[in-house]
Amino acid sequence: MSVSILNVGMRENEGPLLEAASNASGHSLVHTVSDPVEAGRWAGEHQPDITVVDVRWLNAQGIDFMRRFRADRICMGLPLLALVDERDRNHRRESLRAGANEFIHAPLDAYECQVRILNMLTVRSYRKLLDRTSTLSAAGIDDFTDYASAREREILLRLARAGEYRDETTGSHIVRIGKLSRGIAEILGFGGPECTIIEAAAPMHDIGKIGIPDSILRKSGPLTDAERGVMNNHTLIGYEILKDSSSPFVQRGAQIALAHHEKFDGSGYPYGLRGQDIPLSARIVAVADVYDALTSKREYKVAWLPSQACEYIANHEGAHFDPECVKALFAKLKADVSRPRPASKFVPKLVAK
Ligand SMILES: [Fe+2]
């Protein structure tokens, strides 16, 4: 695989970056441009797989470049990597706000570069596949529609798994979230196609964590207020990754990624939306996500019993959670418990006496 990298403004030794790119891809082409305006023109024409912006040198010009890059119709979905000084919190925050997907800290470290570039190439390749299947489907190739839909859902799930690798959760967490969200949607009266969309989109809720630095995402102690602010940006980053897609699955994924931490009483983030202003799909995923997190084992906690998790959720009904979604969750859990289980295939051996 050949990878094209646009280097905007980096004047220092590119060795670790080149090494990382070739380790990740086998072959890479780096195009270096110091003028951000010229770099924007080049990006629009060539659509590089990764664009690295040296914010340390370019300062406001670099931030402005990223903003214009994200607003550009052709470049808006392309991966954007900001090179920042680890201690410069302002540059890190401004880069995130301007649309950076990832950071590389200076001085460059080959291993760190490689991991971040691999993450971004994974997202890039899935995005390319999604765009291709959406285009074929939109072109009205009827026989292809079901196939494309199934492939698209599979790719979404794999993309969500890629994001989960950086977090403490597991792949089964995102599958459960999809199924539980579907169950809640069914009880709320959603139609079959809409339930399928929610099941496919729900696992994408935390995909924006791919853009949160490891030092914050994997911190073992409590986060400071500033770190919490960066962490909360995973909602905005997830939205940036998924927005403007022609796929209904990805569109719903963008909506859920943006709003799954809003709370029913308006005390959530990123916008403090309240009640019905929060998209229903995000209200569904909010309750499914918390229920699954509580009943799952983590490094820092044991798994709660379903009854304990339900008690917690009931206590936060109307504040954190939509009461209708809570009711539907409880109905779904009750239905699952009372559903007859398949008979055991174990047949005891008769021992002749
Ligand atoms: Fe989240």
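Biologist: Which residue in β4 is the bridge partner of V52?

Modeller: The partner of V52 in β4 is L81. Bear in mind that this is a predicted model.

Biologist: What makes β3 and β4 a pair of strands?

Modeller: A pair needs at least two bridges between the strands. Four bridges join β3 to β4, so they pair, and they run parallel.

Biologist: How do you know that β4 pairs with β5?

Modeller: The cut-off is again at least two bridges. Strand β4 (residues 80-85) and strand β5 (residues 102-106) are joined by five bridges, so they count as paired, and they too are parallel. A82 has F103 as its bridge partner in β5, and V84 stands opposite H105.

Biologist: What makes you call β4 mostly covered?

Modeller: Five of the six residues of β4 are buried. A residue needs 20 or more other C-beta atoms within 10 Å of its own to be called buried. Across the protein, buried residues make up 40% of the 353 residues.

Biologist: Which residues of α5 are buried, and what do they pack against?

Modeller: The buried residues of α5 are H91, R92, E94, S95, L96 and A98. They pack against α3, α4, β4, β5 and α11 (225-232). Just after α5 comes G99, with a positive phi of about 115 degrees.

Biologist: What is the phi of Q47, and where is Q47 found?

Modeller: Phi of Q47 is near 45 degrees, a positive value in a residue other than glycine. Q47 is in the loop between α2 (36-46) and β3 (50-54).

Biologist: What about N59?

Modeller: N59 is not a glycine, yet its phi is positive, about 50 degrees. This residue lies in the loop between α3 (55-58) and α4 (60-71). N59 has 14 C-beta neighbours inside 10 Å, so N59 counts as partly exposed.

Biologist: Where is the cis peptide bond?

Modeller: The peptide bond from Y269 to P270 is cis, with omega near 10 degrees. P270 belongs to the loop between α13 (248-259) and α14.

Biologist: How do you know that the span of α14 agrees with its number of residues?

Modeller: Helix α14 (residues 280-294) has 15 residues, so at 1.5 Å a residue it should span 21 Å. Its end C-alpha atoms are 22 Å apart, which agrees. The buried residues of α14 include A286, V287, A288 and Y291.

Biologist: Why is V287 called buried?

Modeller: The cut-off is 20 or more other C-beta atoms within 10 Å. V287 has 26, so V287 is buried. V287 sits in helix α14.

Biologist: What does V287 touch beyond its neighbours in sequence?

Modeller: Leaving aside residues within four places in sequence, V287 is in contact with I313, F321, C325, V326 and L329.

Biologist: Which residues have the most contacts inside the largest nonpolar core?

Modeller: They are V53, I184, V287 and A288, in a core of 79 residues.

Definitions and conventions
Residues numbered from 1 in each chain as written. Predicted model: local features only at pLDDT ≥ 70, side-chain atom pairs only at ≥ 80, totals over all residues. Buried ≥ 20, exposed ≤ 12 C-beta atoms within 10 Å, placed from the backbone. Helix = DSSP H or I, 4+ residues; strand = E, 2+ residues; numbered from the N terminus. Expected span 1.5 Å × (residues − 1). Contact = placed C-beta atoms within 7 Å. Core = buried A, V, L, I, M, F, W, Y, C linked by C-beta atoms within 7 Å.
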